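Please read the points alongside the model.

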Amino acid sequence: MKKLIYLISPSTINKNFYYNLDKVLAEKNVKFFQLRLKKVRPNSLSIISHKIKKITKKYKVKFIINDNYILASKINADGCHMGQLDGSIYEARKKLRRKKILGITCHNSKILALDAINNRADYVAFGSFFKSKLKQNATKANLNILRWAKKNIKKPIIAIGGINNKNYKKLLKAGANYIAISSFIWDNPKLKPEQAIKKFK
């Protein structure tokens, strides 16, 4: 099965999460897993990260830490994802060792994408393509940015924002290499996480 999913964590981690993550990654269609927790103390974040890392390693999934390149480096994660307001991309690249992944949020902007590549980013993420529960006030992106990126950027392209099993194919068709999903997996009112992940082939 093709690994086309960039999976983002739920906004809170409960005791069932690790069991569910194991089940989800066992489906073998997830390439990256990003830990995105905004309101957790550094010590707790480190403990959670180590637990997740064991599971991602088991399934050969790249473990990415959101925002925090210092933590990513400290726990030896596979990389870090940076938003435009999360500090210097240059500093992040310098701190992360050469083989570590650095991904950058580029919204709907060619300029931000080219800047990310100039700063040696390993992938660029565009969005939000659809209405997102995770980021309700996110910048809107359109399919033209994916078409442009496919022609002009020689790095993996990730699409994010409100993606589900009904709309993801048009993003891949337009040029995305991976689709970032979170709510559809973790907050799905009808499907358990391991059932939801099966909807993406």
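1. A nonpolar core is a set of buried Ala, Val, Leu, Ile, Met, Phe, Trp, Tyr and Cys residues joined through side-chain atoms within 4.5 Å, where buried means under 20% relative accessible area with a 1.4 Å probe, protein chains only. The largest such core has 60 residues, and Leu-7, Phe-33, Phe-126, Leu-146 and Ile-185 have the most contacts inside it. Helix H1 gives the most to this core, with five residues. Another core, of 10 residues, lies apart from it and includes Ile-101 and Tyr-178.

2. The model is predicted: local features need pLDDT of at least 70 and side-chain atom pairs pLDDT 80 or more, whereas totals for chains, interfaces and linings use all residues. Residues are numbered from 1 along each chain as its sequence is written, and side-chain values use heavy atoms, without hydrogens and water.

3. Helices (DSSP H or I, at least four residues) and strands (E, at least two) are numbered from the N terminus. H2 has 17 residues and reaches 25 Å from first to last C-alpha, close to the 24 Å expected at 1.5 Å a residue (1.5 Å times one less than the number of residues). Its buried residues, among them Leu-45, Ile-48 and Ile-52, pack against H1, E2, E3 and H3 (contact: heavy atoms within 4.5 Å). Lys-60, which follows H2, has a positive phi, near 55 degrees.

4. Lys-60 is also one of the residues lining the second largest pocket. To this lining H2 gives the most, with three residues. The lining residues divide into three nonpolar, two polar and six charged (Asp, Glu, Lys and Arg count as charged; Ala, Val, Leu, Ile, Met, Phe, Trp, Tyr, Cys and Pro as nonpolar; the others as polar). A pocket is an open set of points on a 1 Å grid where a 1.4 Å probe fits, with protein on both sides within 12 Å along at least five of seven lines, and lining residues have an atom within 4 Å of a point.

Technical notes:
Buried means under 20% relative accessible area, exposed over 50%, partly exposed in between (1.4 Å probe, protein chains only).
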